[in-house]
Amino acid sequence: MPFYQFYKEQILHTSIEELWEFISSPINLKEITPKYMGFDITSDLIERKMYPGMIICYKVSPVLGIKTTWVTEITQVRDNCYFVDEQRVGPYSIWHHQHIIEPLPDGVIMKDIISYQPPLGFLGAIANKLFIKSKLNEIFEYRRKVLDLRFNVSKMKEKITPAP
């Protein structure tokens, strides 16, 4: 059975605390997910901060607009450092997503490491080659743009001062 890892990183010009406040709230998942995926959280406790053992249920349409249920568990949390979510119900045989943030002199580096295994053995390997990997790239490119607008553009605007 094929097993893959997907890695992305992004530099954001904000504080660890400000970024953590945003990424540790499940309600913000919808904002950083492309609209065409029809992402809707169905859990009741989404306005709480993440904690180990938290279960997040949602509906999403990753392929051909077909709605599927996805359930993840937050398995590890270290405030202002990282959290890990793992799929409990959903389209993958294995899904383990590490969200890591580390300070930089002028901001934060955010790293996403996804270890995953598509279903259906060799058919899953073909699906990964044909569209899963490119879909993950597309989703994380969208996420990068949203986070850039939220954290980097606003910081750049703050640094602009009128001429005397």
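# Close-up views of a predicted model

F151 is buried, with a relative accessible area of 1%, where buried means under 20%, exposed over 50% and partly exposed in between, computed with a 1.4 Å probe on protein chains only. The model shown is predicted, and local features need pLDDT of at least 70, side-chain atom pairs count only at pLDDT 80 or more, and totals for chains, interfaces and linings use all residues. Residues are numbered from 1 along each chain as its sequence is written, and side-chain values use heavy atoms, with hydrogens and water left out.

**View A. The ring pair of F22 and F151.** The structure holds 11 aromatic pairs, a pair being two rings of Phe, Tyr or Trp (its six-membered ring) whose centres lie within 6.5 Å, with planes under 30 degrees apart counted as stacked, over 60 as edge-to-face and the rest as tilted. Because their planes stand at 80°, with the ring centres 5.8 Å apart, F22 and F151 make an edge-to-face pair. The pair links distant parts of the chain, since F22 belongs to helix 1 (residues 16–23) and F151 to helix 2 (residues 121–159), 129 residues apart; helices here are DSSP runs of H or I with at least four residues, and strands are runs of E with at least two, numbered from the N terminus.

**View B. Other aromatic surroundings.** One aromatic cluster is formed by Y4, F39, Y58, W70, Y92, W95 and Y116. Elsewhere, R143 lies over the face of F140, at 4.7 Å from the ring centre, a charge being counted over a ring if NZ of Lys or CZ of Arg is within 6 Å of the ring centre and within 35 degrees of the ring normal.

**View C. The largest nonpolar core.** This core, a set of buried Ala, Val, Leu, Ile, Met, Phe, Trp, Tyr and Cys residues joined through side-chain atoms within 4.5 Å, has 33 residues, and those with the most contacts inside it include L19, W95 and L147. At least two residues each are supplied by several elements, among them strand 1 (4–12), strand 6 (94–104), strand 7 (107–117) and both helix 1 and helix 2, while the largest share, 8 residues, comes from helix 2. L147, leaving aside its neighbours within four places in sequence, is in contact (heavy atoms within 4.5 Å) with Q10, L12, F22, I32, M110 and N152.

View D. Seven strands form an open sheet in the order 1-7-6-5-4-3-2 with antiparallel pairing, two strands being paired if DSSP finds at least two bridges between them. Strand 1 and strand 2 (40–41) are the edge strands, each pairing on one side only. Strand 5 (residues 82–89) is joined to strand 6 by 5 bridges, and the bridge partner of V84 in strand 6 is Q98.

**View E. Positive phi at N80 and L120.** Most residues other than glycine have a negative phi. The phi of N80 is near 65°; N80 lies in the loop between strand 4 and strand 5 and, at 27% relative accessibility, counts as partly exposed. L120, with a phi of about 70°, is placed in the loop between strand 7 and helix 2 and is exposed, with a relative accessible area of 63%.
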